[in-house]
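The following paragraphs lead through one structure, beginning with a single contact and then widening to the whole chain. Please have the sequence and the coordinates at hand.

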Amino acid sequence: MSNHDLHTYKPFNKELEHVRNQVLRMGGLVEHQILQAMNGWERADTEVLSTVFASDAEVNRLEVELDDLCRHIIARRQPIAGDLRVLTTVMKLTTDIERVGDEASKIARLAEKLILEGVDPVFKCAKLFEASELARLMLRDALDAYARLDSHSAGQVMAKDATVDALVQSVTMDVINIMEEHTRPVTPGVRVILIAKAIERIGDHAKNIAEDVIYMVKGKDVRHQNLDHVLSQAG
């Protein structure tokens, strides 16, 4: 889809560009939250973790601001076709981005408890950090696809979700085995599993964003569809 197709009404091109920039700003903040949450856990640094919590208010503010902005543009301009699809998609995207921030904060809270309790290093599974990095890159790539109106790249993001799920499942089994075989305390292991589940949810939200990008560009709802079919629809 060309920019001409998406921007039928020239007078509010600048408004649409402002919306786009704010979405990407919000996404950048949330991606940084993921990085800081996992870095804080890896380094056992509660000061790094505190930066994750500090970003929450700004992420929430941007979500509300973008929702209001999109509603006001729709009311004033009464857009149709591609322009309307862009604005309604943004209102969905921001919800998923905000929820990624919530998951990053959850990781930071769990990591903080683990650090303060002096958790056994054996629970710092390499696969956990591999999963978090892949989920973070899924988010980045989904937002990049949004910025470039690239439905093909959005489809590729969706294809990576199964890998994140498999890594999380493997981490969960590894932690359970550690607790069973070495009689480790249960509580730290459960917290690590919850971190893994939060990473899985980040991947899910990135996948949702990718689905929304495909809808925005192609006008096709690909939710709950076979991946091969989605990739063929994404082009």
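Asp 174 and Lys 127 form a salt bridge, with 2.7 Å between the closest N and O atoms. Asp 174 belongs to helix H7 (residues 161–182) and Lys 127 to helix H5 (residues 126–148), so this pair ties together parts that are 47 residues apart in sequence. Asp 174 is partly exposed, at 27% relative accessibility, and Lys 127 is likewise partly exposed, at 28%. The model in which this contact is found is a predicted one.

Side chains of opposite charge can pair when their charged atoms come close. Across the whole structure, a search finds 18 salt bridges. One of them joins the side chains of Glu 58 and Arg 25, at 2.7 Å from N to O. Glu 58 is in helix H3 (residues 46–77) and Arg 25 in helix H2 (residues 13–43), so the bridge ties together parts that are 33 residues apart in sequence. Glu 58 has a relative accessible area of 23% and is partly exposed; Arg 25, at 40%, is partly exposed as well. This pair also takes part in a network of salt bridges that links Arg 25, Glu 58, Arg 61 and Glu 65.

A further salt bridge, between the side chains of Asp 204 and Arg 201, has an N to O distance of 2.9 Å. Here both residues lie in helix H8, 3 residues apart, or about one turn of the helix. Is Asp 204 buried or exposed? Its relative accessible area is 18%, and because buried means under 20%, Asp 204 counts as buried. Arg 201, with 35%, is partly exposed.

Helix H8 (residues 186–218) also contains Val 190. Val 190 is partly exposed, at 37% relative accessibility. Together with Val 186 and Leu 194, Val 190 forms a nonpolar patch on the surface, and the three have about 240 Å² of accessible area together.

Rings give another kind of contact to look for. Lys 124 lies over the face of Trp 41, 5.0 Å from the ring centre. The search of the whole structure finds 0 aromatic pairs.

Now the overall picture. The protein has 9 helices and 0 strands, and along the sequence the pattern reads α-α-α-α-α-α-α-α-α. Of its 235 residues, 49% count as buried. The accessible surface comes to about 10900 Å², and carbon and sulfur atoms account for 52% of that area. Among contacts between residues at least 6 apart in sequence, 82% join residues at least 24 apart.

Notes:
Residues are numbered from 1 along each chain as its sequence is written. This is a predicted model: local features need pLDDT of at least 70, side-chain atom pairs count only at pLDDT 80 or more; totals for chains, interfaces and linings use all residues. Side-chain values use heavy atoms; hydrogens and water are left out. Patches are made of residues with over 30% relative accessible area and no salt bridge: like charges are joined within 9 Å, nonpolar side chains (Val, Leu, Ile, Met, Phe, Trp, Tyr) within 5 Å. Accessible areas come from the Shrake-Rupley method with a 1.4 Å probe; for residues, only the protein chains shown count as cover. A salt bridge is a side-chain nitrogen of Lys or Arg within 4 Å of a carboxyl oxygen of Asp or Glu. Helices (H or I, at least four residues) and strands (E, at least two) are DSSP runs, numbered from the N terminus. Buried means under 20% relative accessible area, exposed over 50%, partly exposed in between (1.4 Å probe, protein chains only). Contact means heavy atoms within 4.5 Å. Rings of Phe, Tyr and Trp (its six-membered ring) pair if their centres lie within 6.5 Å; planes under 30 degrees apart count as stacked, over 60 as edge-to-face and the rest as tilted. A charge sits over a ring if NZ of Lys or CZ of Arg is within 6 Å of the ring centre and within 35 degrees of the ring normal.
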